[in-house]
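Me: I would like to go through some of the labels attached to this model and hear what stands behind each of them.

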Amino acid sequence: MKGVLLLCTLLLAPCGGGSDPGAAWPTHMACRNGDLQVFYQSCDPLQDFGFSIDQCSRQVRPNVNIRFGIILRQDISHLFLDVTLVSKGVTILSYSYPICEEDLPKFSFCGRRKGEQIYYAGPIGNSEFDIPQGKYEILLELYNEHRSIVACANATVLCS
Ligand SMILES: *[C@@H]1O[C@H](CO)[C@@H](O)[C@H](O)[C@H]1NC(C)=O
């Protein structure tokens, strides 16, 4: 049910959005539960996307399930993720992570083509960790081997 809702949100999102370069995409809730809230906003001027986290807890379990839906504007036989974590204006962590490589496709959607719609619901293969109290800003950028943006988001994590 949750997945269907997510996909509807994605498909109902205004397409293009190019006429007003100053307009921002709406802020979405990725998860909210007790002491943890995660919001995100697409920073790709051309499209919004759907994302949610199934287990919302500051004690992050291994292999958390997420849901992610997007219409591809690029081929993704190669897909990389850049993550930058900022707290109080200071970058505290920044890393690049390969998600799809031709010889090592980690996810079922690897290799999908431009124009296709993907919807992924499943684990992300994370390890276990606790989120320390605080407010964090996370910048996420998914791009292919030509450095073409597949998705871009800025998220805010509030952990009290
Ligand atoms: C995303 O970034 C914009 C611009 O810095 C900011 O106004 C907005 O609050 C951020 N959204 C989230 C969900 O962090």
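Me: How do you know that β3 and strand β5 pair, and in which sense?

Reply: Two strands pair if DSSP finds at least two bridges between them, and β3 and β5 (residues 65–71) share four bridges in the antiparallel sense, so they meet that definition. Strands here are DSSP runs of E with at least two residues, numbered from the N terminus. Phe51 stands opposite Phe68 in β5. This is a predicted model, in which local features need pLDDT of at least 70 and side-chain atom pairs count only at pLDDT 80 or more, while totals for chains, interfaces and linings use all residues. Residues are numbered from 1 along each chain as its sequence is written, and side-chain values use heavy atoms, with hydrogens and water left out.

Me: What makes β3 and β8 edge strands?

Reply: The open sheet has three strands in the order β3-β5-β8, with antiparallel pairing, and β3 (50–53) and β8 (117–123) each pair on one side only.

Me: Why is the aromatic pair of Tyr40 and Phe49 called stacked?

Reply: Rings of Phe, Tyr and Trp (its six-membered ring) pair if their centres lie within 6.5 Å, and planes under 30 degrees apart count as stacked, over 60 as edge-to-face and the rest as tilted. Tyr40 and Phe49 are 5.3 Å apart centre to centre with 25° between the planes, so the pair is stacked.

Me: Why is the pair of Tyr40 and Phe51 called edge-to-face?

Reply: Their ring centres are 5.8 Å apart and their planes stand at 90°, so the pair falls in the edge-to-face class. Tyr40 lies in strand β2 (residues 36–42) and Phe51 in strand β3, so this pair ties together parts that are 11 residues apart in sequence. Tyr40, Phe49, Phe51 and Phe68 form one aromatic cluster.

Me: Is Tyr40 buried or exposed?

Reply: Buried means under 20% relative accessible area, exposed over 50%, and partly exposed in between, with a 1.4 Å probe and protein chains only. Tyr40 has 5% relative accessibility and therefore counts as buried.

Me: How do you know that Arg147 lies over the face of Tyr143?

Reply: A charge sits over a ring if NZ of Lys or CZ of Arg is within 6 Å of the ring centre and within 35 degrees of the ring normal. Arg147 is placed over the face of Tyr143 at 3.8 Å from the ring centre, so the distance meets the cut-off.
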